[in-house]
Amino acid sequence: MLDPFNKYKILASHDKIKSVLKGEIPAPKTVEFFLSDKCNHSCNGCHSKELQEENPPFLDIKKAENTLDELKEMNVDSIETSGGGEPLLYPHLKKFI
């Protein structure tokens, strides 16, 4: 594992850099999924309360599955789960994982 403050960390992305220099658009290394805008807390000063009120509470599982299939074909290295709420409230978490 490279030190995140090491000036040579960029070399871990050598393949991506080569494809950009060829005029290609490489696949991202990491893709972030917002699984849930629903939250079981009511924190003072929460910066996501508006998201929780305006958006559907959960990511559509069919869209997630289709996107995961596409990311696999693109050889994306990793995914991250997050959201404007609590990702563990996602009703399809086991299937998503």
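## Valine 76 and its contacts

Valine 76 touches Ala27, Pro28, Lys29, Thr30, Val31 and Leu71, leaving aside residues up to four places away in sequence. The model described here is a predicted one.

## The nonpolar core

Val76 also belongs to the largest nonpolar core of the protein, which has 11 residues in all. Strand 1 (30-34), helix 3 (61-73) and helix 4 (93-96) are the elements that give two or more residues to the core. Helix 3 supplies the largest share, with 3 residues.

In soluble globular proteins, nonpolar side chains tend to be buried together.

## Fold and dimensions

The protein has 4 helices and 2 strands, arranged along the sequence as α-β-α-α-β-α. Of the contacts between residues at least 6 apart in sequence, 69% join residues at least 24 apart.

The C-alpha trace spans about 45 × 30 × 25 Å along its principal axes. The radius of gyration is 17 Å, whereas a compact globule of 97 residues would have a value near 13 Å.

## Surface and charge

Buried residues account for 22% of the 97 residues. The protein exposes about 7,800 Å², and carbon and sulfur atoms supply 55% of that area.

There are 13 positive and 16 negative side chains, and the centres of the two sets lie 6 Å apart.

Note on methods:
Residues numbered from 1 in each chain as written. Predicted model: local features only at pLDDT ≥ 70, side-chain atom pairs only at ≥ 80, totals over all residues. Heavy atoms only, no water. Rg over C-alpha atoms; globule rule 2.2 N^0.38 Å. Buried < 20%, exposed > 50% of the residue type's maximum accessible area, 1.4 Å probe, protein only. Contact = heavy atoms within 4.5 Å. Areas by Shrake-Rupley, 256 points an atom, 1.4 Å probe, with all protein chains shown as cover. Lys, Arg positive; Asp, Glu negative; His and termini not counted. Charge placed at Lys NZ, Arg CZ, Asp CG, Glu CD. Core = buried A, V, L, I, M, F, W, Y, C linked by side-chain atoms within 4.5 Å.
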